Amino acid sequence: MAIIGECFCGQVQYRIDGTLRDARSCHCSRCRKAFSSQASAYALVDPADFSWLSGEELLTSYASEQGFGLQFCKLCGSTLCGIYNDEVHGVTLGCLNGDPDVELGRHIYVGSKASWEVIATGVPQYIEDAE
Ligand SMILES: [Zn+2]
Ligand SMILES: [Zn+2]
């Protein structure tokens, strides 16, 4: 069954005909800003499995690093996916509908987490990255 994701206002929708890989949560200061949250929640997707269903014209993007960027709905501001060299690289877990059959496998950059965050135990934590 396809995995469906959509933004907060519902105008932008995508489907993934495949599985999500390497779901992780990054607690670095950059991800906190980019995701407006205590951490990112993000998984990788094979670009060949990904397609926009609606609202692609409402996307806007921000390049955060060389070749890497994030795409947002310009109506509601949801961060939908990450792109690398203009191809979809991964999706934000918060915009997925239902049960996408994936779990966070690791918390990374916990060494720079926000002072106010209390990280739940049970998932491996890494001061920086796991690799
Ligand atoms: Zn939207
Ligand atoms: Zn990060």
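**Exercise 1. In which loop does Thr 19 lie? Locate the residue and describe its surroundings.**

Solution. The model is predicted, with local features needing pLDDT of at least 70 and side-chain atom pairs counting only at pLDDT 80 or more, while totals for chains, interfaces and linings use all residues. Residues are numbered from 1 along each chain as its sequence is written, and chains are lettered from A and ligands numbered from 1 in the order in which they are written.

Step 1. Thr 19 is found in the loop between β2 and β3 (21–26). Strands (E, at least two residues) and helices (H or I, at least four) are DSSP runs, numbered from the N terminus.

Step 2. Thr 19 counts as partly exposed because it has 14 C-beta neighbours inside 10 Å. The cut-offs are 20 or more other C-beta atoms within 10 Å for buried, 12 or fewer for exposed, and partly exposed in between, with C-beta atoms placed from the backbone.

Step 3. Glu 103 is 84 residues from Thr 19 in sequence, and the C-alpha atoms of the two are 12 Å apart in space.

**Exercise 2. Describe the overall make-up of the protein.**

Solution. Step 1. Count the elements: there are one helix and ten strands. Their order from the N terminus is β-β-β-α-β-β-β-β-β-β-β.

Step 1. Check the dimensions. The radius of gyration of the protein is 14 Å, which agrees with the value near 14 Å for a compact globule of 131 residues. That radius is taken over C-alpha atoms, and the globule rule is 2.2 Å times the number of residues to the power 0.38. Along the principal axes, the C-alpha atoms fill a box of roughly 40 × 30 × 25 Å.

Step 2. Of the 131 residues, 31% count as buried. Among contacts with a separation of 6 or more, 52% come from residues 24 or more positions apart; a contact requires C-beta atoms, placed from the backbone, within 7 Å.

Step 3. UniProt, in an unreviewed entry, places the feature "domain: CENP-V/GFA" at residues 3–117; its positions are given in the numbering used here, feature names are shortened, and annotations may be inferred rather than shown by experiment. The span 3–117 is 6% helix and 43% strand, and its end C-alpha atoms lie 30 Å apart.

**Exercise 3. What is the strand order of the open sheet of three strands? Work out its pairings.**

Solution. Step 1. The order is β1-β2-β5, with antiparallel pairing; two strands pair if DSSP finds at least two bridges between them. β1 (3–6) and β5 (50–54) are the edge strands, each pairing on one side only. On average, neighbouring strands of this sheet are turned by 25° against each other, direction ignored. The axes are lines fitted to C-alpha atoms, for helices over the stretch in contact, and angles run from 0 to 180 degrees between N-to-C directions.

Step 1. Take β1 and β2. Four bridges pair them in the antiparallel sense, and Glu 6 stands opposite Gln 13 in β2. The two strands form a hairpin with six residues between them, and Gly 10 in the turn has a positive phi of about 85°.

Step 2. Take β2 (residues 13–16) and β5. Four bridges join these antiparallel strands, and Arg 15 faces Ser 51 in β5.

Definitions and conventions. Two residues are in contact if their C-beta atoms, placed from the backbone, lie within 7 Å.
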